[in-house]
Amino acid sequence: MAAKGATSSGGAKDGTSDSSSSSKKNSKKPKYSRFTQQELPACKPILTPGWVITTFIVVGIIFIPIGFASLFASEWVVEIVDRYDEDCVPHNYTYNKLAYIQNSETNKTCMKRLIVPKQMKSPVYIYYQLDNFYQNHRRYVKSRSDKQLRSRASERDTSSCKPEAVRGNNYPIVPCGLIAWSLFNDTYGFSVKNKALEVSKKNIAWKSDREHKFGSDVYPKNFQSGGLIGGAKLNASIPLSEQEDLIVWMRTAALPTFRKLYGKIETDLEANDEITVVIQNNYNIYSFGGKKSLVLSTTSWIGGKNDFLGVAYLTVGGLCLFLAISFIFLYVIMPRPLGDPSYLSWNRGQVNIWSKTVRHSFVLMKEIIFGKKAGNHMLAS
Amino acid sequence: MAGGRRRKHHFGRIHDSSRGKASERGEQSLIGSPGFSRIVYSNHPECIEASAINYGSNYVSTTKYTLATFFPKSLFEQFRRVANLYFLICAILSFTPLSPYTALSSVLPLVVVIGVTMGKEVLEDWRRKKQDIEMNNRKVQVHHGDGIFDNAKWMDLKVGDIVKVQKDEFFPADLILLSSSYEEAICYVETMNLDGETNLKLKQALDATSNFHEDLSFQNFKAVIKCEDPNANLYTFVGGLQLEERQYPLTPQQLLLRDSKLRNTDFIYGVVIFTGHDTKVMQNSTAPPSKRSKIEKRMDKIVYFLFFVLVVMSFIGSIFFGISTREDLENGRMTRWYLRPDDTTIYYDPKRAPVAAILHFLTALMLYSYLIPISLYVSIEIVKVLQTVFINHDLHMYYEEADKPAHARTSNLNEELGQVDTIFSDKTGTLTCNSMEFIKCSVAGTAYGRGVTEVERALSGSKGLPLVQEVKDEEGQVEDSSEERTSIKGYNFVDERVTNGNWVNEPHADVIQKFLRLLAICHTAIPDVDEETGRISYEAESPDEAAFVIAARELGFEFYERTQTSISLHEFDPISGTKVERSYELLNILEFSSSRKRMSVIVRNKDGKLLLLCKGADSVIFERLAKNGSEFEEKTKEHINEYADAGLRTLVLAYRELDEEEYKEFNRELTEAKNSVSADREEMIEEVGEKIERDLILLGATAVEDKLQNGVPECIDKLAQAGIKIWVLTGDKMETAINIGFACSLLRQGMRQIVISSETPEIKALEKVGDNAAVATEFKAKVLHQISGGLELLATSSENSEALALIIDGKSLACALEDDVKDMFLQLALGCASVICCRSSPKQKALVTRLVKIRTGSTTLAIGDGANDVGMLQEADIGIGISGVEGMQAVMSSDIAIAQFRYLERLLLVHGHWCYRRISSMICYFFYKNIAFGFTLFFFEAYASFSGQTVYNDWYLSLYNVFFTSLPVIALGVFDQDVSSRLCLKFPLLYQEGVQNVLFSWSRILGWAFNGVLSATLIFFFCIRAMEHQAFRKGGEVVGLEILGTTMYTCVVWVVNCQMALSISYFTYIQHLLIWGGAIFWYLFLLAYGAMDPNISTTAYKVFIEACAPAPLYWLLTLFVLFSSLIPYITYAAIQLRFFPMYHQMIQWIRTDGQSDDPEYCHMVRQRSLRTTTVGYTARIEATSKRFQEKPEGH
């Protein structure tokens, strides 16, 4: 009778038995893989005191030497900065610098003397520094034609260069655009003890620019020939790829205060040498209240003189060590407060109602922390 | 094959229900009027009118798009999102000179993002398409003329075709039943897919067509059917069939609906009347309401906030730009002459500075668009789809027995699963298996049956720890004895006094005999004899009925045949000691209804005696007992109470002998009542029944266990510990609901029960006397009174921390849900530890859900398995369907389908928690990285007189969100685990992080935003200070725009990726690959991009190889910026983690400290909540053990 009963069922049974028999063939059971079961092997780091302290100490230990190295490198660099925009204006033009600079008749030559504070090993780099000059202005940055600079065939590709695109109706300006148009045109001549120092202008621009961005068959054309002359003129017989001043200038600076490489002095300068600089002060920075400086600088592996990175490394390294010590202190003096559940957000505000339970759980905690075994068996369940 | 197995069944009468046949004459007259204009020419292939009407094919398409509509429709969907629309506008604007970057670099990311999303749509739609194709290509036999039936595809069916459907096949379209394998042209239909009911429904063809039993008989069959137009109403149908010049009315009784299944019938013939999208089931399919998670809603707010920041930034920029532009011409003199302000365009014109500023504003809006992560939405979609894959593939949620894995039907709500505050659960089929087991009975005042129910087990467990040993012993015994016998579904009766025919030796053997016989006769089940083995199975309307018949069979009264007029049993004859066949003439069936609460049959036994056999609810039967029939009443009542306590469903059995006269009178009245066509026909039948069902003689009572699903108490306990409130909304009666409440530990002893019931004697008395309006007001006052009483109790109980339970029935609930009462009701319900609503209608379920959802604003989850839960599932924030026995209706309207209630535990506590955590940290992180990036752009603007020049190359900009930083975030969203699934389940309280929304609170979001600004500030100022204007390498070269940009970008990529690494708590090789890969990919990109022709790479040409890489400063700076930008976060995190850990961090501590094996410590962490759990069996145990603990606490 029991055997007969095995098939007895209510109305619903048939459906389930159907599906279970078919499941043998085509089961919907998900296949096991560590991926789908979310059981991939993993490390589960948390910021344990050990990790935190170790990290800070390690960072500190790495940073401080780097900081010293950078600082020394920066300190080792000798740099002479001389602002000349004020000094190079004759006294009678002090209150009308603009008139002075815009007047092509005035004498723009200016003499400056610089004392070399420390020995400067060659190469000594010559920079001009402009302040408050927005070479990163969008209108300015976009106002060039890379195609035109690259190849002679694209000489008429000047659509992005307005208003310095074409001369007259149909004569494209090469190089076109505001950047080229406003090319820096101060010049410097150096001499030490009445002996002229040779300024090398070779290889002051990026190699990739010279070789790939400025064509060797592209010659200046119609440049600075209009009514309004911006900056320097270019020798129309020298291809653009060799006009390194232009190439340097065309790499727009990121910030309104910037330096650009003017040239290199390939001889060492001794300490206390007096350098005489003859400056042709042509470039108009007066209309927008800019500044001009001449910079002579050596370099180290870290580049020019800038203490910031070294100091920053030292500061952060020191901070890390300080933090490491503070954490050691914190962890030792104040072990993790095990028993305060009231800061869990869902417990806030309920303290009054459940204060009894709090008291209760504190008792339990005390028992556990201080190992009062007597109270513990109650919890073992 | 058709004719051979035709069985002679004549029991149309038992199913003679009112539903189908009560078609009023009036309806027929509607045919032909608007709405009832369909004309179907059946089997008229050459008829002109038939070919003139084009009703559309049976092709069904459920796809969202077609090839033609895909692009416009899905693009429209995409750009409905504000963020996407914004990016589209940016992309369009980028073709104008306003654009700070090239058009391509802003169009491409948008195309990628939109493309990926649309790809996902295509994929999803393709799946639907495949389903459609499968469905449309199913085969069915169709009449092709001359009595030949051939296979045809479903989609090729046309209106008017005659089809032949075999047993267990689905109907391909809506059909009119013509005939079946049965003589009476009846068939059984399972409508599980339509309404979720598992019981079989009987359909019967018209007499006029019932004799077409052969394929050949359709050779010359011609009919015209006129009927209603397609509509969505499953239970009505009006039509007429014209056959050989005669008109026959058609009713729902002849209508076979698509997606229902032919059962217990070898085959049927039918005429197709509605095809494809005209079918009732397709008309019924509405798009489920689309639900969005709370996190996503909040995310939108963040996006708006960022828009605001963006506008403010742009505005500030525009003002400064306007000022500086105006100053370019001073009294007609150029100041910044190198910009040629005298000969300029509108964008930089000093004379029209305000216009320039306004145009610049647009530029700035585009420039700072990096504040808003373009890839956010698409990343979240990808992450959610993958999370869904994990849910679907979780082996722990796969139900072996039914071969059903979990199935997330929508991926929108994954993280919502981690925030559920209240669960609304259906009872039958959800908490219980919907399988009834006959487990106990009380006959003649003696209780039989030693089986232990789940409830008893749970109850004995609740008595506290000291009893555990005892319970175990008891369980052990049960298991021993149950192992001996083969388990039979629906039967779990163990008592050697009765089984194996031993009842003969019991004191009241005659009563037992009558008792068992009654069980075998008084029902509406249909036996199904397996011809090969001779085994009998039963098709019954409800599982408890099946349980009775099975019990009777197991105890020796095997019901094996039912005809229209007789019921035949194999009876154990105590006198001869053998089995004899006995047949009872079936005279009448008085059916069960919820108002009658009983059913009776009247039979004539072989001695010619007339018997009325009756089973029903105790309340109904006891008041109908004869004076001499209540011999065992006291004892039986006692037993019934015991059974009810044990969570069993009880029915009382009684019988009565009728004399011929009385029966004749009754039968006449009954026939009269049945034949009447008036509206109160039902009532008349009831009245007649009432007269005869009296003076009964009590036999005993049965107890059937409504079995809890596996693991339900444990699951509820875990959910309760997680702080989730569980409400049970059931259609069952109060007693059963309370029983189940006890079984699931939602109720326990010592809990104060607030019962709001409409069944109180006062109300009943009122109902008898008063008019309806008076009763209603009186009733409402009563409910109000009860609720306010409950509130008072609540106020006192919160002082002595006593747990309350609210039990309310449907009628009172209707009152409590009225506008003026519902707030009070809600207040009361929220204050109670558990809430049980019984006798509630589907609509009430939905209303309760809505009330809680809207008034409390907390996340609600509804879980159910039946068609009656659909409203609730759709109303709740998350609807979970149990893909159990009750059909697919609930599943189809749910958001996630699981096979068993107990999987809810894992779904919420593990997947929900993880998904919540992942999505929320992912979004926070997304904003962090974009703010960090966007602000560097902004800071740079300040140094470029806000002209709109970007510091980065165009392609750096556009690939930032797409390549260098997105993949690690996606990995975070997919894989991150704060704690393992094992620990999630071990510390259920962890779930509260989601409910309280700790991880996505505004403070946390703003914290991340602040971190982003901080990172940006540090990166930018460190970079520009370090690279200021001096030479940056030995060759004396100075930093240009492109070098500063590249360096800064390198720093951003590193900082952002390392910040990610720091906030990840689960490092698999995938994370390593993506995080470090992102940074390495940046360098590779730089190399590759820099090596391209200068026309393409523009400012990035060789910038890395030539300028950056050889400069030590570049590397030192990167290292420095990386660490110094992360130090604030590390410090904060270390302190927070150590001294103010969040709950998941405490668990992480436990894990790393190796304390997870230390039960005492774990217990303590679990105890960290101040909110004590009040339901679940743990709470029970604690309630008992508390009494022990209170003593030592005194000091």
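1. B:Lys606 is exposed, with a relative accessible area of 59%, where exposed means over 50% relative accessible area, buried under 20% and partly exposed in between (1.4 Å probe, protein chains only). This lysine sits in the loop that links strand S25 (598-604) to strand S26 (610-616) of chain B, helices (H or I, at least four residues) and strands (E, at least two) being DSSP runs numbered from the N terminus. Apart from neighbours within four places in sequence, B:Lys606 is in contact with B:Arg582 and B:Ser583, contact meaning heavy atoms within 4.5 Å. Between B:Lys606 and B:Gln992 there are 386 residues in sequence and 68 Å in space, C-alpha to C-alpha.

2. A word on the basis of these values: this is a predicted model, in which local features need pLDDT of at least 70 and side-chain atom pairs count only at pLDDT 80 or more, while totals for chains, interfaces and linings use all residues. Residues are numbered from 1 along each chain as its sequence is written, chains are lettered from A and ligands numbered from 1 in the order in which they are written, and side-chain values use heavy atoms, with hydrogens and water left out.

3. For chain B, the domain assignment, which is automatic or taken from a database, gives domain 1 (60-138), domain 2 (157-284), domain 3 (409-431 + 712-898), domain 4 (432-462 + 487-658 + 697-706) and domain 5 (910-1144). The C-alpha centres of domain 1 and domain 3 of chain B are 43 Å apart.

4. An unreviewed UniProt entry places the feature "binding site" at B:Asp426, B:Thr428, B:Asp865 and B:Asp869; such positions are given in the numbering used here, with feature names shortened, and annotations may be inferred rather than shown by experiment. These residues span 444 residues in sequence, yet no two of their C-alpha atoms are more than 10.6 Å apart, so they gather at one spot.

5. Of this group, B:Asp426 belongs to the loop between strand S17 (420-425) and strand S18 (432-443) of chain B, and is buried, with a relative accessible area of 3%. Leaving aside neighbours within four places in sequence, its contacts include B:Lys845, B:Asp865 and B:Asp869.

6. B:Leu1006, in helix H34 of chain B, is partly exposed, with a relative accessible area of 45%. Together with B:Phe305, B:Phe308, B:Val312, B:Ile316, B:Phe320 and B:Trp1002, B:Leu1006 makes a nonpolar surface patch of about 640 Å². Helix H9 (294-326) and helix H34 (1002-1026) of chain B are the elements that give two or more residues to the patch, and H9(B) gives the most, with five residues. Patches are made of residues with over 30% relative accessible area and no salt bridge, like charges being joined within 9 Å and nonpolar side chains (Val, Leu, Ile, Met, Phe, Trp, Tyr) within 5 Å. A salt bridge is a side-chain nitrogen of Lys or Arg within 4 Å of a carboxyl oxygen of Asp or Glu, and accessible areas come from the Shrake-Rupley method with a 1.4 Å probe, only the protein chains shown counting as cover for residues.
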